[in-house]
Amino acid sequence: MKSILLLFMIAALLFPIPAASQSIIKCNKKVVFWIIPDNNSYYTVKLTGDIDLSPQEDVLNIDDKALQYILINKNIYNEADGDNSEQILLSRYVNGEDLYLHSIFTDLGDIDSEYIDLPTGKKALLWYFTLPKRKNKEVIAQYFVNIIINDTIFGLGCPQFAEQDAKSSKQLLIKAIETVKTVTKTDDLCNK
């Protein structure tokens with residue numbers, strides 16, 4: 001696995017460290033569920049590939065990539081008299097991250113974003129940026145995707161390494177976010 005130091009640095013700056021530890025359930029050689037605890041329930045992400053936990057509690061190694069999760073209270077982005085639809089809340093969240101990232105990386109370019117229609121009927125916001133050339137020769141861009149589930153902005157992030165193309169990072173995130181569910185028990189995930 002490649003060094004994902006830059007991913008960890010960005011994660012530490014942008015995201016709070018999760019209170020509880022993640023785990024995986026391997027159903028067979030092809031299907032793995034990433035289990036992310038949150039209070040009295042779990043988020044599950046169905047993944048395929050060569051998957052292992054990493055030393056970083058909110059990061060998973062998948063094939064030649066790193067996948068990170070984030071949980072944020074959506075109410076932070078509510079406005080008392082404003083539009084608080086899911087798309088607007090996601091946009092406010094990304095706009096806040098944009099401001100913060102530009103305060104850290106003064107030579108950071110634009111953050112691009114696009115809404116993705118998920119099979120569930122929900123909208124996800126995919127957003128990404130290219131890192132300034134001198135910051136890291138191995139990681140050239142960062143990709144994120146967020147959805148709202150109940151009162152939480154659930155997000156996944158993935159770095160793009162120099163020898164990878166942007167399409168593979170985007171596909172990983174979209175494919176993963178399409179499978180996110182909340183459950184109260186994880187015992188029978190492999191039977192579904």
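This is a predicted model: local features need pLDDT of at least 70, side-chain atom pairs count only at pLDDT 80 or more; totals for chains, interfaces and linings use all residues.
Before I come to the first residue, let me say what I mean by a strand: a strand here is a DSSP run of type E with at least two residues, and strands are numbered from the N terminus.

Stepping back to the overall layout, the protein has 3 helices and 11 strands, and if you follow the elements from the N terminus, they run α-β-β-β-β-β-β-α-β-β-β-β-α-β. The protein has 192 residues, of which 45% count as buried.

Now to the aromatic residues, where the count comes to 7 aromatic pairs. In one of them, the ring centres of Trp-34 and Tyr-69 are 5.6 Å apart and the planes stand at 80 degrees, so this pair is edge-to-face. The pair links distant parts of the chain, with Trp-34 in strand β2 (residues 32–38) and Tyr-69 in strand β6 (residues 65–73), 35 residues apart. Trp-34 is buried, with a relative accessible area of 0%, and Tyr-69, at 2%, is buried as well.

A further pair is formed by Tyr-43 and Phe-154, and this one is tilted, with 5.0 Å from centre to centre and 35 degrees between the planes. Here, too, distant parts of the chain are linked: Tyr-43 sits in strand β3 (residues 41–47) and Phe-154 in strand β10 (residues 152–161), which places them 111 residues apart. Both Tyr-43 and Phe-154 are buried.

Which residues do ring pairs link into a cluster? They are Tyr-77, Tyr-93, Trp-127, Phe-129 and Phe-144.

Finally, I would like to point out Ser-168, which is found in helix α3, spanning residues 166–177. At 22% relative accessibility, Ser-168 counts as partly exposed, because the buried class takes in values under 20% and the exposed class values over 50%. Ser-168 and Lys-65 are 103 residues apart in sequence, yet in space their C-alpha atoms are 9.6 Å apart.

Terms used: Residues are numbered from 1 along each chain as its sequence is written. Side-chain values use heavy atoms; hydrogens and water are left out. Rings of Phe, Tyr and Trp (its six-membered ring) pair if their centres lie within 6.5 Å; planes under 30 degrees apart count as stacked, over 60 as edge-to-face and the rest as tilted. Helices (H or I, at least four residues) and strands (E, at least two) are DSSP runs, numbered from the N terminus. Buried means under 20% relative accessible area, exposed over 50%, partly exposed in between (1.4 Å probe, protein chains only).
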